[in-house]
Amino acid sequence: MDKLFSMIEVEVNSQCNRTCWYCPNSVSQRKENGEMDPALYKSLMEQLSSLDFAGRISFHFYGEPLLCKNLDLFVGMTTEYIPRARPIIYTNGDFLTEKRLKTLTELGIQKFIVTQHAGAKHKFRGVYDQLAGAEKEKVVYLDHSDLILSNRGGIMDNIPQASKANMSCMVPSNLVVVTVLGNVLPCFEDFNQKMVMGNIGEHHISDIWHNEKFTSFRKLLKEGHRGKSDLCKNCNNVSVQTEDQYDYVL
Ligand code: SF4
(Lines give C-alpha, C1' and ligand atoms only; values in the text may rest on other atoms or scores of the structure.)
Protein backbone atom coordinates (compact mmCIF):
# COMPACT_ATOMS: atom_id res chain seq x y z
CA MET A 1 0.00 0.00 0.00
CA ASP A 2 1.34 3.47 -0.92
CA LYS A 3 2.53 5.58 1.99
CA LEU A 4 0.26 8.42 3.03
CA PHE A 5 0.63 11.96 1.68
CA SER A 6 2.94 14.26 3.62
CA MET A 7 1.40 17.53 2.43
CA ILE A 8 -2.17 18.72 2.22
CA GLU A 9 -3.36 21.98 0.70
CA VAL A 10 -6.85 23.04 1.72
CA GLU A 11 -8.77 25.58 -0.34
CA VAL A 12 -10.37 27.37 2.59
CA ASN A 13 -11.51 30.09 0.18
CA SER A 14 -11.41 30.60 -3.57
CA GLN A 15 -11.15 34.37 -3.88
CA CYS A 16 -7.97 36.33 -4.51
CA ASN A 17 -7.50 40.09 -4.65
CA ARG A 18 -4.82 39.82 -7.37
CA THR A 19 -4.80 38.48 -10.91
CA CYS A 20 -1.11 37.94 -11.59
CA TRP A 21 -0.16 37.31 -15.21
CA TYR A 22 1.33 33.90 -14.31
CA CYS A 23 -1.74 32.68 -12.38
CA PRO A 24 -4.73 30.83 -13.90
CA ASN A 25 -6.98 33.31 -12.06
CA SER A 26 -5.95 35.82 -14.75
CA VAL A 27 -7.29 33.70 -17.62
CA SER A 28 -9.97 31.47 -16.14
CA GLN A 29 -12.50 31.00 -13.34
CA ARG A 30 -12.28 28.46 -10.56
CA LYS A 31 -15.03 25.83 -10.81
CA GLU A 32 -15.83 26.20 -7.10
CA ASN A 33 -16.32 29.54 -5.42
CA GLY A 34 -16.69 30.90 -1.92
CA GLU A 35 -15.41 29.61 1.40
CA MET A 36 -15.25 26.18 2.95
CA ASP A 37 -18.06 25.28 5.33
CA PRO A 38 -16.65 24.99 8.89
CA ALA A 39 -18.50 21.67 9.29
CA LEU A 40 -16.63 20.29 6.27
CA TYR A 41 -13.31 21.58 7.61
CA LYS A 42 -14.07 19.93 10.96
CA SER A 43 -14.79 16.65 9.18
CA LEU A 44 -11.44 16.92 7.39
CA MET A 45 -9.69 17.54 10.71
CA GLU A 46 -11.36 14.46 12.24
CA GLN A 47 -10.21 12.40 9.28
CA LEU A 48 -6.63 13.70 9.52
CA SER A 49 -6.68 13.22 13.28
CA SER A 50 -7.59 9.55 12.81
CA LEU A 51 -4.43 9.29 10.68
CA ASP A 52 -2.35 11.22 13.25
CA PHE A 53 -1.31 13.44 10.34
CA ALA A 54 2.06 15.07 11.03
CA GLY A 55 2.94 16.64 7.69
CA ARG A 56 2.58 20.10 6.21
CA ILE A 57 -0.87 21.64 5.99
CA SER A 58 -1.49 24.90 4.16
CA PHE A 59 -4.59 26.93 3.49
CA HIS A 60 -4.66 27.72 -0.19
CA PHE A 61 -5.22 26.46 -3.68
CA TYR A 62 -5.59 29.55 -5.91
CA GLY A 63 -7.19 31.81 -3.30
CA GLU A 64 -5.62 34.26 -0.86
CA PRO A 65 -6.14 32.69 2.59
CA LEU A 66 -6.08 35.97 4.49
CA LEU A 67 -9.35 36.85 2.74
CA CYS A 68 -11.04 33.85 4.35
CA LYS A 69 -13.35 35.05 7.11
CA ASN A 70 -12.98 31.79 9.05
CA LEU A 71 -9.21 31.48 8.73
CA ASP A 72 -8.58 31.89 12.46
CA LEU A 73 -11.21 29.26 13.24
CA PHE A 74 -9.65 26.84 10.76
CA VAL A 75 -6.11 27.38 12.04
CA GLY A 76 -7.30 26.90 15.64
CA MET A 77 -9.09 23.66 14.70
CA THR A 78 -5.95 22.46 12.94
CA THR A 79 -3.88 22.91 16.10
CA GLU A 80 -6.56 21.22 18.18
CA TYR A 81 -7.14 18.17 15.96
CA ILE A 82 -3.72 17.54 14.40
CA PRO A 83 -1.17 19.01 16.83
CA ARG A 84 1.73 17.17 15.19
CA ALA A 85 1.10 18.80 11.79
CA ARG A 86 3.02 21.83 10.47
CA PRO A 87 0.53 24.57 9.58
CA ILE A 88 1.98 27.00 7.06
CA ILE A 89 0.36 29.97 5.36
CA TYR A 90 1.22 30.86 1.77
CA THR A 91 0.08 34.41 1.14
CA ASN A 92 0.55 37.43 -1.08
CA GLY A 93 0.99 39.42 2.15
CA ASP A 94 -1.42 42.19 1.16
CA PHE A 95 -3.47 41.70 4.33
CA LEU A 96 -0.74 40.45 6.64
CA THR A 97 -0.22 43.03 9.35
CA GLU A 98 1.96 42.55 12.40
CA LYS A 99 -1.20 41.99 14.45
CA ARG A 100 -2.51 39.28 12.08
CA LEU A 101 0.88 37.64 12.06
CA LYS A 102 0.92 37.56 15.86
CA THR A 103 -2.65 36.23 16.13
CA LEU A 104 -2.10 33.50 13.56
CA THR A 105 1.19 32.51 15.19
CA GLU A 106 -0.55 32.20 18.56
CA LEU A 107 -3.19 30.00 16.91
CA GLY A 108 -0.50 27.66 15.59
CA ILE A 109 0.92 28.87 12.27
CA GLN A 110 4.59 27.88 12.16
CA LYS A 111 5.66 29.65 8.99
CA PHE A 112 4.44 32.35 6.61
CA ILE A 113 5.58 32.11 3.00
CA VAL A 114 4.97 35.63 1.71
CA THR A 115 5.40 36.35 -1.98
CA GLN A 116 5.61 39.85 -3.34
CA HIS A 117 3.73 39.28 -6.57
CA ALA A 118 3.94 41.31 -9.76
CA GLY A 119 1.91 44.48 -9.97
CA ALA A 120 0.68 46.66 -7.11
CA LYS A 121 3.14 47.97 -4.51
CA HIS A 122 3.71 45.62 -1.59
CA LYS A 123 2.60 47.04 1.75
CA PHE A 124 4.05 44.02 3.55
CA ARG A 125 7.60 45.30 2.93
CA GLY A 126 7.04 47.95 5.63
CA VAL A 127 5.55 45.36 8.02
CA TYR A 128 8.44 42.97 7.44
CA ASP A 129 11.08 45.62 8.06
CA GLN A 130 9.52 46.39 11.45
CA LEU A 131 9.30 42.78 12.67
CA ALA A 132 11.42 41.77 15.64
CA GLY A 133 13.89 38.87 15.25
CA ALA A 134 11.67 35.99 16.44
CA GLU A 135 8.71 37.18 14.35
CA LYS A 136 10.89 37.74 11.32
CA GLU A 137 12.21 34.20 11.55
CA LYS A 138 8.67 32.93 10.97
CA VAL A 139 8.53 34.65 7.56
CA VAL A 140 10.04 33.49 4.29
CA TYR A 141 9.81 36.58 2.11
CA LEU A 142 10.01 35.96 -1.61
CA ASP A 143 9.80 38.10 -4.69
CA HIS A 144 7.85 36.72 -7.67
CA SER A 145 11.13 36.75 -9.58
CA ASP A 146 12.31 34.04 -7.13
CA LEU A 147 9.55 31.71 -8.33
CA ILE A 148 10.13 29.02 -10.91
CA LEU A 149 7.04 29.64 -12.98
CA SER A 150 4.91 26.71 -13.94
CA ASN A 151 2.54 26.66 -16.90
CA ARG A 152 -0.05 25.21 -14.53
CA GLY A 153 -0.60 21.94 -16.32
CA GLY A 154 -0.46 23.75 -19.67
CA ILE A 155 -3.16 26.33 -18.82
CA MET A 156 -0.82 29.32 -19.06
CA ASP A 157 0.01 29.86 -22.73
CA ASN A 158 2.32 32.75 -21.82
CA ILE A 159 4.64 30.37 -19.97
CA PRO A 160 6.43 28.05 -22.38
CA GLN A 161 5.09 24.53 -22.73
CA ALA A 162 7.75 21.92 -22.30
CA SER A 163 8.30 18.45 -23.57
CA LYS A 164 8.40 16.68 -20.21
CA ALA A 165 6.03 13.97 -21.38
CA ASN A 166 8.36 11.18 -20.26
CA MET A 167 9.54 12.73 -17.01
CA SER A 168 8.30 11.29 -13.73
CA CYS A 169 6.43 13.43 -11.24
CA MET A 170 6.08 12.67 -7.55
CA VAL A 171 3.49 15.31 -6.68
CA PRO A 172 0.63 12.77 -6.49
CA SER A 173 2.84 10.58 -4.28
CA ASN A 174 3.32 13.34 -1.72
CA LEU A 175 0.38 15.70 -1.73
CA VAL A 176 -3.38 16.15 -1.88
CA VAL A 177 -5.50 19.21 -2.44
CA VAL A 178 -8.94 19.54 -0.89
CA THR A 179 -11.19 22.07 -2.60
CA VAL A 180 -13.82 24.39 -1.09
CA LEU A 181 -16.50 21.73 -1.62
CA GLY A 182 -14.36 18.85 -0.39
CA ASN A 183 -13.16 17.42 -3.70
CA VAL A 184 -9.77 15.76 -3.52
CA LEU A 185 -7.26 16.54 -6.28
CA PRO A 186 -3.85 14.93 -6.77
CA CYS A 187 -1.98 18.08 -7.68
CA PHE A 188 -1.81 21.83 -7.04
CA GLU A 189 -1.71 22.33 -10.83
CA ASP A 190 -5.21 20.92 -11.31
CA PHE A 191 -6.94 24.33 -11.37
CA ASN A 192 -9.73 23.00 -13.59
CA GLN A 193 -10.29 19.87 -11.51
CA LYS A 194 -9.63 17.37 -14.27
CA MET A 195 -8.71 14.62 -11.80
CA VAL A 196 -11.19 14.58 -8.94
CA MET A 197 -10.32 11.50 -6.88
CA GLY A 198 -13.28 11.63 -4.50
CA ASN A 199 -14.96 13.90 -1.98
CA ILE A 200 -14.23 13.99 1.75
CA GLY A 201 -17.96 14.47 2.43
CA GLU A 202 -18.52 10.98 1.02
CA HIS A 203 -15.34 9.06 1.76
CA HIS A 204 -12.51 9.19 4.27
CA ILE A 205 -9.47 10.95 2.78
CA SER A 206 -7.36 7.86 3.40
CA ASP A 207 -9.78 5.72 1.34
CA ILE A 208 -9.64 8.32 -1.45
CA TRP A 209 -5.82 8.33 -1.32
CA HIS A 210 -5.76 4.56 -1.70
CA ASN A 211 -8.59 4.17 -4.21
CA GLU A 212 -8.00 2.66 -7.63
CA LYS A 213 -8.17 5.94 -9.55
CA PHE A 214 -5.66 7.75 -7.34
CA THR A 215 -3.33 4.75 -7.07
CA SER A 216 -3.23 4.25 -10.85
CA PHE A 217 -2.64 7.95 -11.49
CA ARG A 218 0.19 8.02 -8.93
CA LYS A 219 1.81 5.00 -10.57
CA LEU A 220 1.46 6.51 -14.04
CA LEU A 221 3.25 9.70 -12.99
CA LYS A 222 5.88 7.91 -10.96
CA GLU A 223 6.75 5.84 -14.02
CA GLY A 224 7.07 8.94 -16.18
CA HIS A 225 3.97 8.69 -18.35
CA ARG A 226 2.83 12.31 -18.20
CA GLY A 227 1.86 12.11 -21.85
CA LYS A 228 -0.95 9.65 -20.99
CA SER A 229 -2.73 12.13 -18.74
CA ASP A 230 -4.77 15.05 -20.00
CA LEU A 231 -3.81 16.99 -16.85
CA CYS A 232 -0.09 16.33 -17.20
CA LYS A 233 0.76 16.06 -20.88
CA ASN A 234 1.66 19.74 -21.27
CA CYS A 235 2.86 20.40 -17.71
CA ASN A 236 6.36 21.82 -17.29
CA ASN A 237 6.51 21.42 -13.50
CA VAL A 238 9.46 19.35 -12.34
CA SER A 239 9.58 20.62 -8.75
CA VAL A 240 8.83 17.30 -7.02
CA GLN A 241 11.04 14.49 -8.21
CA THR A 242 11.52 12.38 -5.11
CA GLU A 243 9.41 10.74 -2.45
CA ASP A 244 9.46 12.48 0.93
CA GLN A 245 10.26 15.81 -0.72
CA TYR A 246 9.23 18.46 1.73
CA ASP A 247 9.50 21.96 0.44
CA TYR A 248 8.10 25.28 1.62
CA VAL A 249 8.17 26.77 -1.81
CA LEU A 250 5.81 24.67 -3.87
S1 SF4 B 1 2.96 16.36 -14.13
FE2 SF4 B 1 2.31 18.45 -13.57
S3 SF4 B 1 0.08 18.40 -13.56
FE4 SF4 B 1 0.80 16.27 -13.52
S5 SF4 B 1 0.85 15.70 -11.35
FE6 SF4 B 1 2.91 16.46 -11.90
S7 SF4 B 1 2.92 18.65 -11.43
FE8 SF4 B 1 0.80 17.95 -11.48
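Predicted model: local features only at pLDDT ≥ 70, side-chain atom pairs only at ≥ 80, totals over all residues.
F95 sits in the loop between β3 and α3 (98-107), where helices (H or I, at least four residues) and strands (E, at least two) are DSSP runs numbered from the N terminus. At 34% relative accessibility this residue counts as partly exposed, and the classes I use are buried for under 20% relative accessible area, exposed for over 50%, and partly exposed in between, with a 1.4 Å probe and protein chains only. F95 and G63 are 32 residues apart in sequence, and their C-alpha atoms are 13 Å apart in space.

Residues are numbered from 1 along each chain as its sequence is written, and side-chain values use heavy atoms, with hydrogens and water left out.

Let me turn to the sheet. In what order do the eight strands of the open sheet lie? The order is β5-β4-β3-β2-β1-β6-β7-β8, and the pairing is mixed. The edges are held by β5 and β8 (198-199), each with a single partner strand, so one side of each is left without a neighbour in the sheet. As background, strands of a sheet pair through backbone hydrogen bonds, either parallel or antiparallel, and here two strands are taken to pair if DSSP finds at least two bridges between them.

Strand β4, residues 111-116, is mostly covered, since five of its six residues are buried. Its pairing with β3 (residues 86-91) is also parallel, through four bridges, and there Y90 stands opposite I113 in β4. Strand β3 is likewise mostly covered, with five of its six residues buried. On to β2, which pairs with β3 in the parallel sense over three bridges; in that pair R56 stands opposite R86 in β3.

Further along the sheet, β1 (residues 7-10) and β6 are parallel and share four bridges, and V10 is placed opposite V178 in β6. Strand β6 itself, residues 175-178, sends L175 and V177 one way and V176 and V178 the other way, and all of them are buried. Between β6 and β7 (residues 183-185) the sense is antiparallel, with two bridges, and V178 stands opposite V184 in β7. In the hairpin formed by β6 and β7, with four residues between the strands, G182 takes a positive phi near 95°.

That brings me to backbone angles. Most residues other than glycine have a negative phi. Which loop holds D52, between α1 (38-50) and β2 (56-58) or elsewhere? D52 does lie in that loop, between α1 and β2, and its phi is near 50°, a positive value in a residue other than glycine. D52 is partly exposed, at 44% relative accessibility. R152, in the loop between β5 (139-143) and α6 (171-174), has a positive phi near 55°, and R152 is partly exposed too, with a relative accessible area of 24%.

Now the record. UniProt, in an unreviewed entry, places "domain: Radical SAM core" at residues 13-118; its positions are given in the numbering used here, feature names are shortened, and annotations may be inferred rather than shown by experiment. In the model, residues 13-118 are 32% helix and 14% strand, and the end C-alpha atoms lie 22 Å apart. Over residues 169-236 the chain is 29% helix and 13% strand, with the end C-alpha atoms 10 Å apart.

Finally, the ligand. Which residues are around it? They are C169, V171, P172, C187, E189, L221, R226, L231, C232, C235 and N237, where a residue is near a molecule if one of its heavy atoms lies within 4 Å of it. By class, this shell has eight nonpolar, one polar and two charged residues, counting Ala, Val, Leu, Ile, Met, Phe, Trp, Tyr, Cys and Pro as nonpolar, Asp, Glu, Lys and Arg as charged, and the others, Gly among them, as polar. The space taken by the ligand is the largest cavity, a cavity being a set of points, on a 1 Å grid over the protein atoms alone, where a 1.4 Å probe fits but cannot get out. A molecule sits in a cavity if more than half of its atoms lie within 2 Å of its grid points.

Technical notes:
1 Å grid on protein atoms, 1.4 Å probe; cavity = no way out; pocket = protein on both sides within 12 Å on 5 of 7 lines; lining within 4 Å.
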